Amino acid sequence: MIKNYLKIAWRNLVGNKVYSLLNILGLAAGMAVALLIGLWVNYQYSYDKFLPGNGRLYQVMRNFNSNGDTLTFSSTSLRLAEALRSNIPEFAHVAETDGEGSHGLMVGTKKIYLNGIQAGGDFLKMFQYPLINGNANAALKEPFSIVLTESTAKALFGSTDIINKTVRVDNHDNLKVTGVIKDLPANSSFQFKYVIPFGYFEAINNYVKQQRTGSFGNNGYSLYAELKPEASYAAVSAKIKNIEKGETNNLNAMNSNVILHPLLKWHLYSDFKNGQATEGFIDYVRIFTLIGVLVLLIACINFINLSTARSEKRAREVGVRKAIGSQRKDLIFQFLIESTVVTFISFLFSVILVQLALPSFNALTGTLISIPFANPVFWVVMVACVLFTALLAGSRPAFYLSSFNPVRVLKGAIKVGRSASLSRKVLVVTQFSCSIALIISTVIIYRQIQYAKNRPTGYEVNRLMGTDMNNDLGRSYTALKNDLLQSGAVVSVSTSSSPATGVYAHTDVDKFPGKRPGETVEMGSIQVSGDYFKTLGMKIIAGRDFSTGSKADTANVVFNEAAIKRLRLTDPVNQIITWNKQQYRIIGVAKDALMNSPYNAADPTMFNFSNESANSNLLYKLSPNINTHQAVEKLTAIFNKYNPAYPYDYRFIDADYNRKFSEEVLVGKLAGIFAGLAIFISCLGLFGLAAFVAEQRTKEIGVRKVLGASISQVWVLLSKDFILLVMISCVIASPLAFYFLQKWLLKYDYHITVGIGVFLISGLAAMVITIITVSFQSIKAALANPVKSLRSE
């Protein structure tokens with residue numbers, strides 16, 4: 001019997017080539033979008049799951065009570081690391097890091113500049129990246145050692161069999177290779193090319209070592225912990241919550257609650273609200289999951305509409321089958337088999353489409369997604385999805401067609417093609433409501449990105465460059481700065497402890513005029529040298545800038561506007577504040593600059609004057625009188641003179657700033673692509689329905705033309721119903737899109753106001769697309785010879 005059903009299904013496919021093609025093409029496109037989004041979503045959820053014991057790994061963070069507002073910080077102190085090791089036996093391992101940063105590595109004549117991490121001795125015991133050579137328990141034990149990734153080892157030595165060989169770091173110290181690990185996969189939260197023991201930085205910097213017994217308020221490090229298998233997350237969380245509060249003379253510690261952030265939530269839940277990790281990239285994962293479901297639903301609606309629209313051609317078949325004894329359940333089964341055949345063929349085409357699209361999709365999203373053909377779980381899921389899609393798309397036609405009364409059908413007393421017109425209209429409205437909502441979303445996301453990009457930054461990112469400082473550059477800073485300025489390629493040079501597009505450290509202001517009892521004020525802290533504000537183009541709106549080369553300014557500070565507002569100072573210049581138990585004079589107020597998120601308000605920030613060579617970032621402004629290529633050539637020669645051990649490495653600050661929009665730009669592009677595909681699939685269905693309506697009303701059109709109807713009148717006759725349906729879709733889609741997009745926009749302090757123009761433009765675009773789609777069939781019917789259509793009359 002099933003063989004017979006398959007034959008009938010195939011004959012119907014071949015016998016109705018145009019409609020079969022529309023059904024298969026629409027379903028294939030919808031399933032391809034759903035499959036592509038499904039693979040992408042699965043990739044996002046796969047982050048760090050390759051690590052053994054991933055469910056027991058955490059980052060230690062702080063919830064800080066800032067006068068009633070809960071702020072969450074990832075920066076912690078070395079004293080906290082020691083406290084956790086000593087007082088919390090439920091932790092199997094604890095490791096501190098100084099964050100990821102770039103260093104120069106040299107072996108013989110081979111010189112490379114790569115990103116690495118400085119980590120405590122337990123780091124590789126916790127994060128068990130596969131080792132090619134070495135022992136994770138001992139790899140980071142010796143201070144003057146280094147662990148390389150496979151690609152770094154091959155770049156420096158041409159081999160991975162390099163245990164006990166030496167690598168020179170920053171042209172300062174020789175470190176012994178104690179391990180080689182496999183390159184980190186793209187779905188790893190950590191991305192580094194080597195690991196240097198944290199003990200190395202303690203060995204060369206006594207100040208770092210002293211912080212282990214210092215204050216809980218010296219928060220400048222990242223801290224990670226692994227729970228023992230038998231330990232309870234809830235019990236340990238309660239135990240560590242108040243561990244810093246023993247330092248009663250430190251308001252920062254007294255107002256900080258220590259929390260654990262699970263490794264498996266780092267990628268998707270990175271935004272904290274009121275101390276809870278409830279938001280982050282997971283929002284976009286959910287959005288695109290919904291988009292995938294909607295696009296697949298749109299494709300299924302096509303199948304339903306085209307199948308029910310052509311039901312009159314199948315009505316006599318149903319009538320005959322029922323008359324000779326077929327049961328309704330047999331007919332339902334037959335139509336579901338037909339639906340399954342179409343869905344299976346569509347699935348095969350969708351796999352081909354996804355395979356062809358993946359290289360471009362991976363390049364766009366920065367992922368390494370592939371179809372896991374060898375994974376049996378994938379095929380189980382795909383079979384389930386194909387059957388579900390076949391049931392979703394085929395159930396309505398199956399139950400509808402099998403319900404016909406055989407007597408009435410065979411007598412010709414029922415016009416089944418029109419009986420389902422209302423349900424088809426509802427489904428068309430549903431289709432276009434989804435598609436128009438996606439169009440509106442794409443427009444608003446694009447406008448929000450452009451709005452933020454055009455926002456005044458408070459400093460000049462154009463022609464501003466940055467280079468990481470190292471020992472050689474630090475020792476020769478004065479001579480380097482003079483040569484850069486005399487070259488004519490650079491007009492200003494300075495250094496800072498944070499890059500121009502970020503604030504790496506936060507601190508407390510201990511005392512300030514008007515401070516309330518028990519009040520805590522935490523803000524960004526940047527150490528800068530002379531000409532910092534000049535180099536970045538930041539304006540001093542009150543008081544003065546630091547004096548270049550003036551050691552007296554080490555006792556002075558400059559605040560930005562947001563910091564002055566936070567401190568509630570009305571006349572800040574020459575006021576005295578206390579920080580790190582020392583008094584400082586406020587000598588100036590800088591205009592707010594967007595160093596962190598371009599969507600939010602500027603962070604309150606304090607700028608301290610420091611020794612140039614102590615800072616980690618070298619910043620310099622290119623002259624407007626030289627093109628970039630010539631400038632880089634001159635700069636290369638100068639940097640090679642003072643840093644001969646390593647190649648000149650630089651970055652453009654405007655590119656760094658633009659990367660802040662990468663997540664939203666990606667979402668905008670993907671939303672645009674999927675909105676376009678949703679419209680395309682909807683239009684395939686609309687095209688098929690227009691063809692059906694034109695075919696059904698052939699004789700009516702012939703009569704109208706004989707009576708004098710013009711081509712435009714016939715076009716309006718056939719098109720007006722579809723245009724009306726799309727107008728209704730616009731009315732439905734607009735408030736729904738507004739509701740969800742307004743919630744998305746409220747994530748940002750700085751966002752657009754959604755006006756009626758967005759909805760009018762999106763609706764007009766949908767209307768134009770609809771008119772173009774149905775016009776082909778309408779004009780074709782209007783141009784047909786009425787004699788041929790009326791010949792049988």
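## Exercises on a predicted model

The side chains of E142 and K176 form a salt bridge, with 3.2 Å from N to O. The structure is a predicted model.

**Exercise 1.** Determine which parts of the chain the pair E142 and K176 ties together.

*Solution.* Step 1: E142 is placed in the loop between β5 (131–134) and β6 (145–149), and K176 in strand β8 (residues 173–181), so the pair ties together parts that are 34 residues apart in sequence. Step 2: E142 has a relative accessible area of 39% and is partly exposed. Step 3: K176, at 26%, is partly exposed as well.

**Exercise 2.** Describe the salt bridge of R85 and E82 and its setting.

*Solution.* Step 1: The side chains of R85 and E82 meet at 2.9 Å, N to O. Step 2: The two residues stand 3 residues apart in helix α3 (residues 78–87), which means a separation of about one helical turn. Step 3: R85 and E82 also belong to a network of salt bridges that links E82, R85, E96, E202 and R212.

**Exercise 3.** Decide whether N63 is buried or exposed, and identify polar partners of its side chain.

*Solution.* Step 1: N63 lies in strand β1 (residues 57–66). Step 2: Buried means under 20% relative accessible area; N63 has 11%, so N63 is buried. Step 3: The side chain of N63 makes a polar contact of 2.7 Å with the side chain of T72. Step 4: A polar atom of the N63 side chain lies 3.3 Å from the backbone oxygen of G275. Step 5: Residues touched by N63 include L71, N255 and I259.

Methods. Residues numbered from 1 in each chain as written. Predicted model: local features only at pLDDT ≥ 70, side-chain atom pairs only at ≥ 80, totals over all residues. Heavy atoms only, no water. Helix = DSSP H or I, 4+ residues; strand = E, 2+ residues; numbered from the N terminus. Buried < 20%, exposed > 50% of the residue type's maximum accessible area, 1.4 Å probe, protein only. Polar contact = N/O pair within 3.5 Å; in protein donor to acceptor, adjacent residues only side chain to side chain. Contact = heavy atoms within 4.5 Å. Salt bridge = Lys/Arg side-chain N within 4 Å of Asp/Glu carboxyl O. Lists of a residue's contacts leave out its neighbours within four places in sequence.
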